[in-house]
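Take a walk through this chain with the model open beside you. Start at a single residue, then widen the view.

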Amino acid sequence: MSAERQSLLSSRASGLSGQFDVPGDKSISHRALILGSLAVGQTVVTGLLEGDDVLATKQAMVDCGADITKKDDAYVINGVGLGGLTNPSAPLDLGNSGTAVRLLMGLIAGQSMTATFVGDASLSKRPMRRITDPLEEMGAQIEIADGGTLPVTVTGLPTPLPLSYEPKVASAQIKSAILLAGLCARGQTIVTEPHISRDHTEAMLRHFGMDVTQEMLADGRHRATLTGGGTLTAKDIAVPRDPSSAAFVMVAALITEGSDITLPAIGMNPQRTGLIITLQEMGGDITLSNERIEGGEAVADIRIKSSQLTGIEVPAERAASMIDEYPILSVAASRATGRTIMTGVEELRVKETDRIAVMAAGLQECGVIVEEGDDYMIVTGTDEAPAGGVTINSQHDHRIGMSFLVLGMVSKAPIQVDDVATINTSFPGFADKMNQVGAQIQSVS
Ligand code: S3P
């Protein structure tokens, strides 16, 4: 059977227990490969996520002349320096990865290079003008398909124009693309977003010695300012474990009776911990311990015990700090008492799939009450376990696939998820690892 059509069946579990090692952070892994390649000197990256999205970034960087090799458990990058990359000989295929394609468009826009970007069926539907518009303002030449989607060709400039830009949405992909384009600009590149989005690009640029400042403005906006024209100096990176992947294990443990799971060394960047705060507010028994800094990033061990959850209204301004976690939060909400109200989440409609529509439809098929609008989703929990007994297509979206496998753990009848190969983009080995702590997920032939 082709990988595209692989299916998994998740049946009721009777309690998850033990220690679960979550894979490396996807956002930080992309940035480590890109910035390490632009640095002067050797960067050794440990803990890199070996998921399809990150491997697509690695391949694209190699196609642009980067020197990245695997040695034991580490990736060794011999940086070529700013201006040292070369034109790829074929279009760069970034598969399913919005982060990869958007960050790399920004990178190329700020170098004397041309590259064409393509992706899979899901990525080819996603909006790209939010990236190409500011890059054009910086002087890049852009060819883009009608409708503002891939394929996109970017021709960059060795010294792009500095830009002060205010994106309409808080998006780390938009912000990072502009900052990467501004690395060689003469002057300051400034991005002022409506709320702070994850700031891994800013942190890693500083790690490599660039002048990047961050400011929270009095009205709640966030401003990142990069002074262009410096040199990135190679420095090793230890990638923390991904809180967005930990989310699936956390919710599975909370809603599966009799669970007690520990997740060591999870990344605790405050722009990524919105789900933990939300689940705690819902009554989740989640304890953080051993909070520490590892390789420049805050990490903590997380212990989760099954809990009776209560629905809450999630503040809209928290959305950016948990934007990838709403699909699995809606699964948690289906087992909570009362309504869980999620607002300010219009960005979910332009992720790997329309996550509001696909989660709402799948949950409803399982007997859960869901209301949805352009920018909100409200889930009403049921006293009884959801019926299950359905087949859900992931729609090429890893987080949809994993969410419904978790729902299957607490449903009366098993849930089959089709097109599960996409889970490898962020969480290779998800089903096997879940089974090791007590899940009942089987391949379906
Ligand atoms: C990411 C940013 C977020 C997130 C994505 C990863 C990143 O997207 O949804 O999974 O690494 O920069 P937006 O920037 O579109 O919010």
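Asn 290 is partly exposed, at 48% relative accessibility. Here buried means under 20% relative accessible area, exposed over 50%, and partly exposed in between (1.4 Å probe, protein chains only). Asn 290 sits in strand S16, residues 285-294. Its phi is near 55 degrees, a positive value in a residue other than glycine. Helices (H or I, at least four residues) and strands (E, at least two) are DSSP runs, numbered from the N terminus.

A word on the source. This is a predicted model, in which local features need pLDDT of at least 70 and side-chain atom pairs count only at pLDDT 80 or more, while totals for chains, interfaces and linings use all residues. Residues are numbered from 1 along each chain as its sequence is written, and side-chain values use heavy atoms, with hydrogens and water left out.

Asp 72 also has a positive phi, near 50 degrees. It lies in the loop between strand S4 (67-71) and strand S5 (74-80). Asp 72 is exposed, at 67% relative accessibility. Then look at the bond between Leu 150 and Pro 151: it is cis, with omega about 0 degrees. Pro 151 belongs to strand S9, residues 149-155. Most residues other than glycine have a negative phi, and most peptide bonds are trans.

Now the domains. The assignment, which is automatic or from a database, gives domain 1 (7-24 + 240-444) and domain 2 (26-238). Their C-alpha centres lie 28 Å apart. Contact (heavy atoms within 4.5 Å) involves 27 residues of domain 1 and 24 residues of domain 2. The two domains bury about 2,200 Å² between them, 49% of it on carbon and sulfur atoms. Buried area is the accessible area (1.4 Å probe) that two parts lose on being put together, summed over both.

What links the domains through charge? There are 3 salt bridges between domain 1 and domain 2. A salt bridge is a side-chain nitrogen of Lys or Arg within 4 Å of a carboxyl oxygen of Asp or Glu. The structure as a whole holds 23 salt bridges.

Arg 130 pairs with Glu 347, the closest N and O atoms being 2.9 Å apart. Arg 130 lies in helix H4 (129-137) and Glu 347 in the loop between strand S19 (339-343) and helix H10 (355-365), so the pair ties together parts 217 residues apart in sequence. Arg 130 is partly exposed at 21%, whereas Glu 347 is buried at 14%.

Arg 126 forms a salt bridge with Glu 352, at 3.8 Å. Glu 352 also meets Arg 355 in a salt bridge, at 2.9 Å. Both Glu 352, at 10%, and Arg 355, at 1%, are buried.

Arg 399 is among them. At the start of H11, a side-chain oxygen of Asp 397 reaches to within 2.9 Å of the backbone nitrogen of Arg 399.

Finish at helix H6 (200-207), which holds Thr 201. Thr 201 is buried, with a relative accessible area of 2%. Leaving aside neighbours within four places in sequence, it is in contact with Arg 31, Ser 176 and Leu 179.

Definitions and conventions:
A polar contact is a pair of N or O atoms within 3.5 Å; within protein, one must be able to donate a hydrogen and the other to accept it, and residues adjacent in sequence count only if both atoms are side-chain atoms.
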